[in-house]
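Reader: Hi! Could you walk me through this one while I have it open on my screen?
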Amino acid sequence: MKRIAILTSGGDAPGMNAAIRAVVRKGIHDGLEVYGINYGYAGLVAGDIRRLDIADVGDKIQKGGTFLYSARYPEFATEEGQLKGIEQLKKFGIEGLVVIGGDGSYHGAMALTRHGFPAVGIPGTIDNDIPGTDFTVGFDTAINTVLEAIDRIRDTATSHVRTFVIEVMGRNAGDIALWAGVAGGADEIVIPEHNFDMEAIAKKIQAGRDRGKKHCLIVLAEGVMGGNEFAEELSTYGDFHTRVSILGHIVRGGSPSARDRVLASKFGAYAVELLEEGKGGLCIGMKNNEVVSADIIETLENNKHVPDLSLFDLNNTISF
Ligand code: ADP
Ligand code: F6P
C-alpha cells in the first residue's frame, strides 16, 4: 500500500485532530502518502481531497473539532453514493481509507468494505456509543466538560436551594450522563438504558429537603426526553424550585483531554499499521486497556453498545 486517506464524519469530537495527526505522521514515517478528505463522505463523493504533509498536522493536537471538517451526508447510505466515493478514491490512487466517526460513519466504512474497498474505522464521538470499544475518542473530554458545568451549577443550586435538571447530549446512549453524573455527585442520573420513576425521584428530593439539603442535581440524558419536559413532569409532584440547564453543543467542543489525545494517537497509528498489513474492513477499539481490532461488519451487526450500568447502581447507593 502506497497511498491512504483519512476523513472525519458525523458529529465532531475532541481528539479527532489528534487522530488525524497520528495517521498522517505514522503514514509518512512509514513511507506512505497520506491524503485528507474534507467534509466526511460529502467531500469524498465531491472529490474534495488533498495531500497532507507533516506540517499540515502541526499545531493541531490541542485543538477541538476537526480541521478536515465533518458532515452529515445521508446520500452516502445509497449504493450510488458509495460507488461514487470509491470512484473518487480510485481516481486519486488511494488504496486504503481511515474513517473517524460514530456509529453512522462506521456504517459508511462498512459499506465501502462490502464493495471491496479497505476501510478502517476509528471510534470518534462524544457519545461513547460504538460497539467494539470501551471508550471512544472525545468521550473523556466531553464528560470533563459536563463535570465542570455540574460543579458550577451546584454552586448556584446550593445558594438558591434549587433543583436543577441538567440535560446532556449522548444521542440514544446514557454514557455521558452516567459518567459525568457519578463524577459530579448527581442526586439522580436518568438514562435511556434504565427506567425511572418520577414519583420516587420527587420523594427523594423532598427527603433531601427535609434533611436540610440545599441542592439537588439531576443529570438527564437527552435520549430519555428533553430537560424542560422532564422538569414539567417533575413539577406535578411538587414545587422543587426547579431550573433546567441544557448543555447542548458546548459539550462537543474544546481542547481534548490528555486521555483523548493519547487514545486518538494510539488508534491513528494502529489504523495505519492495519492498512499497511493489507487489512481492511476493521474497526479499532480499546478493550480492557488494550488496543484491539475487529471485523467492522460483524461488530456492527452482532454487538450493541451497553453502558457500564454498575455506575448507575453505584450512584443510587452513594447519592441520597
Ligand atoms: P455519527 O457517525 O457521529 O454516528 P451520523 O449518524 O450522522 O453520525 O453518520 C455520519 C455519516 O455517515 C452520515 O451522514 C452518512 O454520510 C454516513 N452514514 C450513516 N449511515 C450510513 C449507512 N447506513 N450507510 C452508509 N453511510 C452511512
Ligand atoms: O453524536 C454526537 C451528537 O452530539 C449527539 O450527542 C447529539 O444527539 C447529536 O450529535 C447532535 O447532532 P447535531 O450536531 O447534528 O445537532
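Author: Happy to. Let's begin with F92, which counts as partly exposed at 22% relative accessibility. Keep in mind that this is a predicted model.

Reader: Okay, what does F92 pair with?
Author: Its partner is Y35, and the two form an edge-to-face aromatic pair, 6.4 Å centre to centre with 65 degrees between the planes. The pair counts as edge-to-face because that angle is over 60 degrees.

Reader: And where do Y35 and F92 lie?
Author: Y35 is in strand β2 (residues 33–37), while F92 is in the loop between α3 (79–91) and β4 (96–101), so the pair ties together parts that are 57 residues apart in sequence.

Reader: Is Y35 buried or exposed?
Author: Y35 counts as buried, at 11% relative accessibility. The cut-off for buried is under 20%, which is why F92, at 22%, counts as partly exposed.

Reader: Nice. How are the rings of Y39 and Y69 arranged?
Author: That pair is stacked, since the ring centres are 4.9 Å apart and the planes are at 10 degrees. Y39 belongs to the loop between β2 and α2 (40–46) and Y69 to the loop between β3 (49–52) and α3, so this pair ties together parts 30 residues apart in sequence.

Reader: Are those two buried or partly exposed?
Author: Y39 is partly exposed, with a relative accessible area of 38%. Y69 counts as partly exposed too, at 43%.

Reader: How many aromatic pairs are there in the whole structure?
Author: A search of the whole structure finds 7. Ring pairs also link F135, F139 and W179 into a cluster.

Reader: Switching topic: which residues come nearest to ligand 1?
Author: There are 16 residues around ligand 1, and R72, Y73, G102, G104 and S105 come nearest.

Reader: How much of ligand 1 does the protein bury?
Author: The protein buries 81% of the 550 Å² that ligand 1 exposes when taken alone.

Reader: Now charges. How many salt bridges does the structure hold?
Author: It holds 15. One of them joins K26 and E273, with the closest N and O atoms 3.9 Å apart. K26 lies in helix α1 (residues 16–29) and E273 in helix α9 (residues 258–276), so the pair ties together parts that are 247 residues apart in sequence.

Reader: And what about D127?
Author: D127 forms a salt bridge with R171, again with 3.9 Å between the closest N and O atoms. D127 is buried, with a relative accessible area of 8%, whereas R171 counts as partly exposed at 45%.

Reader: Which residues are linked in a network?
Author: R3, E33 and R51 are linked in a network of salt bridges.

Reader: Last one: what does the UniProt annotation say?
Author: The unreviewed entry annotates residues 3–275 as "domain: Phosphofructokinase". In this model that span is 43% helix and 17% strand, and its end C-alpha atoms lie 10 Å apart.

Terms used
Residues are numbered from 1 along each chain as its sequence is written. Chains are lettered from A and ligands numbered from 1 in the order in which they are written. This is a predicted model: local features need pLDDT of at least 70, side-chain atom pairs count only at pLDDT 80 or more; totals for chains, interfaces and linings use all residues. Side-chain values use heavy atoms; hydrogens and water are left out. A salt bridge is a side-chain nitrogen of Lys or Arg within 4 Å of a carboxyl oxygen of Asp or Glu. Helices (H or I, at least four residues) and strands (E, at least two) are DSSP runs, numbered from the N terminus. Buried means under 20% relative accessible area, exposed over 50%, partly exposed in between (1.4 Å probe, protein chains only). UniProt positions are given in the numbering used here, feature names are shortened, and annotations may be inferred rather than shown by experiment. A residue is near a molecule or strand if one of its heavy atoms lies within 4 Å of it. Accessible areas come from the Shrake-Rupley method with a 1.4 Å probe; for residues, only the protein chains shown count as cover. Rings of Phe, Tyr and Trp (its six-membered ring) pair if their centres lie within 6.5 Å; planes under 30 degrees apart count as stacked, over 60 as edge-to-face and the rest as tilted.
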